[in-house]
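Here is a short tour of a protein model, written for a reader who likes to start from the numbers. Have a look at the sequence and the structure first, and then read on.

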Amino acid sequence: MILLEEPKNVVVSGNFQTKAFSILASSKAFDILSSRIYTHKARAIIREISCNAFDSHVEAKNPNPFYVHLPTYLEPWFAVRDYGTGISPENMMSLYSEFFRSTRNKSNDFVGSLGIGRVSPFCLVDSFTVKSW
């Protein structure tokens, strides 16, 4: 999804020192970005990961449904299996270790664009598995 970003022109009058904003990479920042932004954590994970599967199908031009397994008493895990484009090992490492990186922010055909939904499982668990075919 293409986000509408209005440029912000900042005018400095006088002789003031300026500095660009940055984010300190820390466990606190990771906790806020991966966990505290979601009110309904389980729903957020289902939504975010399913939207990523949908986007992969759109990118691959695959009209077929993707698979979702919801936890039950006998099978207590959540899984999504899509049949989309897959992720290369290089992209896997960078996408899952870098916040706000998105490969789907140049088209309105996709749902995602912020670059944070893929790590939403961290709001409930300490680790999760991603497989790419």
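A residue counts as buried when its relative accessible area is under 20%, worked out with a 1.4 Å probe and protein chains only. By that cut-off, Ala29, Leu33, Ser34 and Ser35 are buried in helix H1, which covers residues 27-36. Helix H2 (41-60) is part of what covers the buried residues of H1.

Please keep in mind that this is a predicted model. Its secondary structure comes to 3 helices and 2 strands, and the order from the N terminus is α-α-β-β-α. The protein is more spread out than a compact globule, because its radius of gyration of 18 Å is well over the 14 Å that the globule rule gives for 133 residues. Along the principal axes, the C-alpha atoms fill a box of roughly 65 × 35 × 30 Å.

Some whole-protein values are handy to have side by side:

| Property | Value |
|---|---|
| Residues that count as buried, of 133 | 25% |

What about the charges: how many positive and negative side chains does the protein have? There are 14 positive and 12 negative ones, and the centres of the two sets lie 4 Å apart.

Note on methods: Residues numbered from 1 in each chain as written. Predicted model: local features only at pLDDT ≥ 70, side-chain atom pairs only at ≥ 80, totals over all residues. Heavy atoms only, no water. Helix = DSSP H or I, 4+ residues; strand = E, 2+ residues; numbered from the N terminus. Rg over C-alpha atoms; globule rule 2.2 N^0.38 Å. Buried < 20%, exposed > 50% of the residue type's maximum accessible area, 1.4 Å probe, protein only. Lys, Arg positive; Asp, Glu negative; His and termini not counted. Charge placed at Lys NZ, Arg CZ, Asp CG, Glu CD. Contact = heavy atoms within 4.5 Å.
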